[in-house]
Amino acid sequence: MVQSALTKTALTSSQKRAFWAAWGGWTMDGMDSFILSLVLVPALRDVLPKSGIPATTANVGYYGGLLFALFMVGWGSALVWGPVADRFGRARTLMLTIIWFSLFTLLAALSQDGWALAVFRFLAGVGIGGEWSIGAALVSEEFPEERRTWGACMMHTGYYFGLLLAAFANYFIGSRFGWRYMFVVGGLPAILVAFLYKRVPEPARWKNKRAELGGQLTMHRAFLKLFSPQYRRRTALNSIYLIASIVGLWAGSVYVPSAVTYLADRTGETARDAAKLASYATAILGIGTIIGALLTPLIAKRLDRRSTLAVFFAFMLVFLWLTFGYVFYLGPGALGWFMVCTFFLGLGGANFAVYSFWLPEQYGTECRVSAFAFCTNIGRFAGAGLTFLVGAGIQHYGTLGTPVALTSLAFVVGLLLLPFGAETKGKPLPA
């Protein structure tokens, strides 16, 4: 079926460049965002004592949750990129976000205490949070109508190829040379901008809308449009759906490397072998999500948008609880079964691919990126609070599994509210 989609309409050179720019940026975004997850335990064991804090398991869990929370607050602040992209263009704003998150990821390698690491990860999050909304809008506006769903899903695989890159980097670099070198690797995406600069044109849809509105196309207008009677209901619902997804990813899946590290410690593995096992788990997670994203167009062809997202929500609900609430406590055989469950967590994580084509279908060109950026990033503030609570729960109970397993309840809320979402299957992208 995917192959038949490839033969419908040949892509022009500008459409191909737009896709690879969005995919490449999202890949580098995924790599940089997951680096901290991979090196969380060794990094905090290094910097916490320099901040006057004992590097106990409870403190690593607590301050790890705090770091993730601050990172998500930075990511949530990236909603500012939406109005910028609606006013000044998708391609040029995309390049700016890549430079931003590359710079502050690189600077994290220089952190001498926990506070510096927190600040640099917060600022990196501001850049990382802008790429998805811009890239998804760029692909949706450039691709032929019958290939938008496919194009958006293929673009979304980039993030999880980024996870694989992060896993490979940790296996070959982080496990040998230490956590700081992982952040040095995270600074490399800026090179992508040098290659893509001036090679990616702005979408004709956006240029036509800019010509139509002239001076009326402002950042202020683009942002306020989201809360007009036309859009405010769907903006509220989409934000809630994203909260469920973000909690499942950031309060759940990002703890996979830490969980594997602790399980490896229980079995007597060395720190280096534990880092390698964490890399394997991240690769399995990424492969599972890539497969899920490749399957998403096939599911979306049979089901409507809301039902497609419901399939992934149900999957995450079951496997988050099973993985962290049960398998994590199995004992001697926990590590192997945890690795198996990680693949299914990855499949469920493909729920984000649905937003890549569903959200652009719900808003007009003048506010499309603002809407995508707001809905995908505002949920990160709620996710930040819940992630902090997970970290506090780990510190209080002295265990990782149960506090993370409880985040699966966010998908219950999402499933209950999905029937009220806007259904857009079969409708053209709004002008």
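User: What volume does the second largest pocket have, and what makes it a pocket?

Analyst: The second largest pocket has a volume of about 220 Å³. On a 1 Å grid over the protein atoms alone, a pocket is an open set of points with protein on both sides within 12 Å along at least five of seven lines, whereas a cavity is a set where a 1.4 Å probe fits but cannot get out; lining residues have an atom within 4 Å of a point. A volume is the space filled by probe spheres set on the points, which are joined across faces, edges and corners. This is a predicted model, where local features need pLDDT of at least 70, side-chain atom pairs count only at pLDDT 80 or more, and totals for chains, interfaces and linings use all residues. Residues are numbered from 1 along each chain as its sequence is written, and side-chain values use heavy atoms, without hydrogens and water.

User: Which residues lie nearest the centre of the second largest pocket?

Analyst: Pro42, Ala271, Arg272, Ala274 and Ala275 do, out of 17 lining residues.

User: How much space lies in the largest cavity, and which residues line it?

Analyst: The largest cavity holds about 100 Å³ of space. Its lining includes Leu44, Tyr63 and Trp115.

User: Why is Val412 called partly exposed?

Analyst: Val412 has a relative accessible area of 35%. Buried means under 20% and exposed over 50%, with a 1.4 Å probe and protein chains only, so a value in between is partly exposed. Val412 therefore counts as partly exposed.
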